[in-house]
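Open your viewer and keep the selection tool at hand. We will go from stop to stop, and each stop tells you what to pick.

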Amino acid sequence: MDVVVVLENSFMFAGDLMRRISLPVVCHFVRTDIRDVEQSGFARREIFFSHSPRLTGRDVLVVDMVLHTGVMQDFLFKRLLESGPRSLRMVVLVDKPRDRRVDLKPDYFGFAVASKYLVGYGLAGSRGWFRNLPYIGVRPLQGRRRVARAGKVRQVR
């Protein structure tokens, strides 16, 4: 089985998940880069990925932490399908189905949540803080501005 880990948010979840898979695993990492590009006076957002692994005839599991709008994951799936895998499935720890913009559902997920700003267990807050928390928390909002301070993260159960 080949596991494709989407960096950076999913590294902790992917590590824990892969330790539970009893099959031999080949691990690949892809990094996303979303850029705002202006061409001929029109602004658009483009998604770039690091290298595409060779997956011809392989069973592939894409591991991501959060499935929000699904736009990035849909684009990644289309790109990975070009390499001809035998099967392609997705697992996410957090599914946010209310905010989906594309017709994409994870094959496996840990739990579904409404739109909240989550931190911990690999998910970063502002300035990259809170990735090291051993749990997932909701970062509180103060007015319209999001505020992140040590000790102000509420644990999600």
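Which two side chains, one of them from Asp-95, meet in a salt bridge at 2.4 Å, N to O? Select Asp-95 and Arg-100: their side chains are the pair. A salt bridge here is a side-chain nitrogen of Lys or Arg within 4 Å of a carboxyl oxygen of Asp or Glu. Asp-95 is buried, and Arg-100 is buried too. Buried means under 20% relative accessible area, exposed means over 50%, and partly exposed lies in between (1.4 Å probe, protein chains only).

Before moving on, know what you are viewing. This is a predicted model, where local features need pLDDT of at least 70, side-chain atom pairs count only at pLDDT 80 or more, and totals for chains, interfaces and linings use all residues. Residues are numbered from 1 along each chain as its sequence is written, and side-chain values use heavy atoms, with hydrogens and water left out.

**Stop 1: the sheet**

Switch to a cartoon view. Six strands form an open sheet, in the order S3-S2-S1-S4-S5-S6, with mixed pairing. At the edges, find strand S3 (42–49) and strand S6 (108–112), each of which pairs on one side only. On average, neighbouring strands of this sheet are turned by 25° against each other, direction ignored. Helices (H or I, at least four residues) and strands (E, at least two) are DSSP runs, numbered from the N terminus. Two strands pair if DSSP finds at least two bridges between them. Strands of a sheet pair through backbone hydrogen bonds, either parallel or antiparallel.

Now select strand S5 (residues 87–95) and S6. They run parallel, joined by four bridges. Asp-95, from the opening stop, stands opposite Ala-112 in S6.

**Stop 2: the helix across the sheet**

Select helix H1, residues 11–20. Helix H1 lies across S1, strand S2 (26–39), strand S4 (59–67) and S5. Against S4, helix H1 runs at about 140°. Axes are lines fitted to C-alpha atoms, for helices over the stretch in contact, and angles run from 0 to 180 degrees between N-to-C directions.

**Stop 3**

Go to strand S1 (residues 2–7) and pick Asp-2. Is Asp-2 buried or exposed? Asp-2 counts as buried because its relative accessibility is 2%. Arg-58 lies in the loop between S3 and S4, and Asp-2 in strand S1, so the pair ties together parts that are 56 residues apart in sequence. Arg-58 counts as partly exposed, at 33% relative accessibility.

**Stop 4: a network**

Select Glu-8, Arg-31 and Arg-131, which are linked in a network of salt bridges. Zoom in on Arg-131 and Glu-8, whose closest N and O atoms are 3.3 Å apart. Arg-131 sits in the loop between strand S7 (118–119) and strand S8 (137–138), Glu-8 in the loop between S1 and H1, and the two are 123 residues apart. Both are partly exposed: Arg-131 has a relative accessible area of 21%, and Glu-8 is at 41%. The structure holds seven salt bridges.

**Last stop: Ile-47**

Return to strand S3 and select Ile-47. Ile-47 counts as buried, at 18% relative accessibility. Leaving aside neighbours within four places in sequence, Ile-47 is in contact (heavy atoms within 4.5 Å) with Asp-33, Ile-34, Val-71, Met-72 and Phe-75. Finally, pick Leu-76: Ile-47 and Leu-76 are 29 residues apart in sequence, and 9.0 Å apart in space, C-alpha to C-alpha.
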